[in-house]
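Please open the structure in your viewer and keep the selection tool at hand. The stops below go from one selection to the next.

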Amino acid sequence: TILTTLMLVRRQHGVKKRIFAALSPPCVFGDSVHEKTTAAVKSRVAFDSGASTSYSTVNTTTNKVAEKVLASQIIPTTHAINDDEEDKRNVYVLHGLMGQGKNWRGPITMLSEKLRESLPKTAFRFHLIDIRGHGNSPRFHDYAPHTIINAAKDIERYSKHHEIVPDVVIGHSLGGKIALEYSQSLTSLSSSSAKKRRLVFTLDSVPYEVEKDMFGAEFILKATEKLPEVVPNREYLKAQLAPLQISSGIIDWLGSNLVLANPGGAHVEGNDDTTKTSLTWQFDRKILRDLYESFQQTALWHALEEKDHDDVHVHIVKAEKSSDWKPDAMKRIEMLKQEEKVSYHVLERAGHWVHSDNPIGLINILHDELVKAENNR
């Protein structure tokens with residue numbers, strides 16, 4: 001009936017509205033410097049403008065652990081399950097360059113809710129991890145150089161600290177290449193423990209060396225490197241970056257990485273009101289530079305072609321509107337797909353910012369593959 005149709009339309013609109021209200025600004029190598037201001041970005045900036053660390057709106061737990069372990073937020077499913085370990089799944093989520101784990105809180109919360117409906121007897125725990133030098137994670141200067149390989153070792157230390165082995169790893173852009181490097185250790189873990197097929201999702205992350213500024217990261221990174229460590233406010237950030245034709249959406253997103261330079265409000269002799277409200281970067285720009293250069297220089301075809309694919313299976317998700325991937329690389333991926341060594345998906349109507357461009361499509365891909373994996377256990 002017409003009434004039923006209207007109700008379905010309103011329900012779908014409500015789901016989209018909830019996703020975009022919850023979404024954080026994208027944690028990416030910038031897809032481009034085109035003008036792009038989303039409701040997600042505005043929501044995130046409003047949330048961060050007071051340098052708040054409150055997560056009361058979502059069912060999350062913040063992990064503040066040992067100094068040499070990555071920080072994370074945990075999004076669990078809330079239904080009650082028994083104590084059988086087979087009913088519990090740990091999922092790691094790795095953000096991209098200049099991002100934070102919290103950037104993924106919105107879409108992952110929606111994915112968790114959808115999985116709870118489809119798999120009521122299985123509990124998923126999503127670990128939104130801050131990569132080294134980002135967010136609340138340590139800088140790991142003792143574990144230099146800051147490379148893809150060492151960033152993957154950070155994930156190994158995180159697993160050892162929490163005494164878990166992830167069933168699924170999801171990585172976006174830089175995080176996708178770290179996930180792929182880490183997947184090689186998952187193969188050895190799977191062969192030495194109970195047989196489980198673990199899944200790795202790389203979201204718009206190329207497995208080859210990058211010769212150019214493929215996602216606009218170099219341009220944006222250079223712009224931030226020219227800014228001081230402490231800035232008076234976010235308006236200062238806009239005044240410095242807008243003349244470079246960097247979009248307001250990207251500027252707002254970068255601004256979400258600014259926190260109070262003097263969060264305790266302690267009196268420092270000579271401080272005026274402006275100094276007390278000054279902001280500083282939550283990420284370490286030197287580490288970002290090193291990680292980005294490592295991303296450019298790292299090829300991981302061997303991680304796709306040589307692993308035991310009965311134990312670890314990689315899903316490559318390419319954004320339909322993302323920067324062009326190399327034709328020869330696409331042929332190589334197609335061959336791997338035909339050999340059933342990888343699965344390949346195209347996320348329609350999305351650029352590199354997959355979780356803000358088409359969050360529903362992305363959630364559907366992840367949901368369907370996770371449900372399929374559970375049903376095949």
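In which sense, left-handed or right-handed, does helix 3 pass helix 14? To see the answer in this predicted model, select residues 105–118, which form helix 3, together with residues 359–375, which form helix 14. Helix 3 makes a right-handed crossing with helix 14. Their axes come within 10 Å of each other and cross at roughly 40°.

Now show the side chains where these two helices touch. On helix 3 the contact is made by Pro107, Met110, Leu111, Lys114, Leu115 and Ser118, and on helix 14 by Ile363, Asn364, Leu366, His367, Leu370 and Val371. Sorted by class, the residues in this contact of helix 3 with helix 14 are eight nonpolar, three polar and one charged.

Before going on to the rings, step back to the whole chain. The protein has 14 helices and eleven strands, and 55% of its 377 residues count as buried. Among the contacts between residues at least 6 apart in sequence, 79% join residues at least 24 apart.

Next come the aromatic side chains, among which a search of the whole structure finds six pairs. Select Phe124 and Phe126, which form a stacked pair with 6.1 Å from centre to centre and 20° between the planes. Both Phe124 and Phe126 are buried.

Then select Phe140 and Tyr143, and turn the view until both rings can be seen. Why is the pair of Phe140 and Tyr143 edge-to-face? The ring centres of Phe140 and Tyr143 are 5.7 Å apart and the planes stand at 85°, so the pair counts as edge-to-face, given that planes over 60 degrees apart fall into that group. Phe140 is buried, with a relative accessible area of 3%, whereas Tyr143 is partly exposed, with a relative accessible area of 29%.

As a last stop, select Tyr92, Tyr158 and Tyr182, which ring pairs link into a cluster.

Definitions and conventions. Residues are numbered from 1 along each chain as its sequence is written. This is a predicted model: local features need pLDDT of at least 70, side-chain atom pairs count only at pLDDT 80 or more; totals for chains, interfaces and linings use all residues. Side-chain values use heavy atoms; hydrogens and water are left out. Axes are lines fitted to C-alpha atoms, for helices over the stretch in contact, and angles run from 0 to 180 degrees between N-to-C directions. Helices (H or I, at least four residues) and strands (E, at least two) are DSSP runs, numbered from the N terminus. A crossing is left-handed if the near helix is turned anticlockwise from the far one by less than a right angle, and right-handed if clockwise. Contact means heavy atoms within 4.5 Å. Ala, Val, Leu, Ile, Met, Phe, Trp, Tyr, Cys and Pro count as nonpolar, Asp, Glu, Lys and Arg as charged, and the others, Gly among them, as polar. Rings of Phe, Tyr and Trp (its six-membered ring) pair if their centres lie within 6.5 Å; planes under 30 degrees apart count as stacked, over 60 as edge-to-face and the rest as tilted. Buried means under 20% relative accessible area, exposed over 50%, partly exposed in between (1.4 Å probe, protein chains only).
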